[in-house]
Structure formats: C-alpha cells, structure tokens
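Okay, thanks for coming, everyone. Let me put the model up on the screen, and then we can walk through it together.

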Amino acid sequence: MTIPSELPDQEYRRLFPQLASYGAGPFGEDVDTFGETLMDVIQDVTETRTFLTRAAAIRELETLLACNETDLTRITWALIAFDPVARFNDQTAWLPEHSAPFPSLRDFWTALLKSLEIGPPPWPDTSARQPASSEAALWTGISP
C-alpha cells in the first residue's frame, strides 16, 4: 500500500486507526503516565491490547515502515503527540540507554513492531486446566 504524501492529519489517523489510538493514549501528551521510559510505554501497549488490535497494529506498522523517511516523519507527527527521538534537555544524559529517546523514528516504530510481534499470547494458556467433574462427564459421556 502506497501512502500519499501531504494528506491532512485526519486522513493519516483514518489510515492508521490503531496507531492513532496510541496517540490518544500511551503515546499522547501524557506519555509519562504509562511508564518511566519509552520501552516501558511500549511494553504497556504490548501487554494491554487484545490480539485483534495488536494484529491490526502490526499490519499498520508494516505499512508505515515501508514509507520513506520524509513520509514517516510526517505521519508520525499526525499519529502521536511527542517526539520519541528528541532529547528534551541535557539533564536526560544520565538516563540508561534503554530509557533515552530512540535514535530515529524508524527505530522507535520498529521497537514497537517487534514488541507487538513477540508480546504475550493473545489468550491465557489453559492446557493444564482440569475440567470440573460435571464438565468431564459431558466430555466423556460418563455420568458423575
């Protein structure tokens, strides 16, 4: 899918609804309420989204990452309300490397993509669950 350059911000939010929803939440103006570092925020996104919304976000990220750097920058500003690349002041120099802003927008979006791809399973593992006696009777046809 080719994304046209210079669309209005609303169009980019329509084309990337999952990523735009992150801009209204974890990657919005109060990004620090979702974690102390950007990696914390990415982890929060990964752990608090459903399988379907994660799958949709992965597709959107694959499309976004196919854009050139100019379009990637333009679309990023339409989707999220902060700059994951900027160092806000010299006082952040003491932060560990993983908590510092990302070296590029592509690195930021790639980190989110990888986290969503390897995130927690979309449903709990129930393989070790033992059925109750009435459930067992239904499955086996044996009366309790």
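Let's start with Ile75, which sits in helix α5. By helix I mean a DSSP run of H or I with at least four residues, while a strand is a run of E with at least two, and both are numbered from the N terminus. Before I go on: this is a predicted model, so local features need pLDDT of at least 70 and side-chain atom pairs count only at pLDDT 80 or more, while totals for chains, interfaces and linings use all residues. Residues are numbered from 1 along each chain as its sequence is written, and side-chain values use heavy atoms, with hydrogens and water left out.

So, is Ile75 buried or exposed? Its relative accessibility is 1%, so Ile75 counts as buried. The cut-offs are under 20% relative accessible area for buried, over 50% for exposed, and partly exposed in between, using a 1.4 Å probe and protein chains only. Which residues does Ile75 touch, if we leave aside neighbours within four places in sequence? Those are Ile3, Tyr12, Phe16, Leu64 and Cys67, where contact means heavy atoms within 4.5 Å. Also, Ile75 and Glu6 are 69 residues apart along the chain, yet their C-alpha atoms are separated by 8.9 Å.

Now zoom out. The protein has seven helices and zero strands, and 37% of its 144 residues are buried. Take the contacts between residues at least 6 apart in sequence: 68% of them join residues at least 24 apart.

Next, the inside. In soluble globular proteins, nonpolar side chains tend to be buried together. Here, the largest nonpolar core has 31 residues, and Leu19, Phe27, Trp109 and Leu112 have the most contacts inside it. A nonpolar core, by the way, is a set of buried Ala, Val, Leu, Ile, Met, Phe, Trp, Tyr and Cys residues joined through side-chain atoms within 4.5 Å. Which elements give two or more residues to this core? They are α2, α3, α4, α5 and α6, and the largest share, seven residues, comes from α6. Look at Leu112: not counting residues up to four places away in sequence, Leu112 touches Leu19, Tyr22, Phe27, Ile42, Val45 and Leu61.

Okay, helix pairs. Two packed helices are described by the angle between their axes and the distance between the axes. The axes are lines fitted to C-alpha atoms, for helices over the stretch in contact, with angles from 0 to 180 degrees between N-to-C directions.

First up, α3 and α6: they pack at about 35°, with axes 9 Å apart. Their crossing is right-handed. Handedness goes like this: left-handed if the near helix is turned anticlockwise from the far one by less than a right angle, right-handed if clockwise. On the α3 side, the contact uses Ile42, Gln43, Val45 and Thr46.

Then α4 and α6, whose axes come within 10 Å and cross at roughly 150°. That's why these two, α4 and α6, are roughly antiparallel. The labels are under 35 degrees for roughly parallel, over 145 for roughly antiparallel, 65 to 115 for roughly perpendicular, and oblique for the rest. The crossing of α4 and α6 is left-handed, and among the contact residues are Leu61 of α4 and Leu112 of α6.

Back to where we came in: α5 and α6. Their axes come within 10 Å and cross at roughly 65°, so α5 and α6 are roughly perpendicular to each other. This crossing is left-handed, and the contact is made by Glu69, Leu72, Thr73 and Thr76 of α5 with Leu105, Arg106 and Trp109 of α6.

Last stop, the loops. Pro84 lies in the loop between α5 and α6, and at 1% relative accessibility Pro84 counts as buried. The C-alpha atoms of Pro84 and Phe108 are separated by 6.8 Å. Arg49, in the loop between α3 and α4, has 22% relative accessibility and so counts as partly exposed. Finally, Arg49 and Gly119 are 70 residues apart in sequence but 9.7 Å apart in space, C-alpha to C-alpha.
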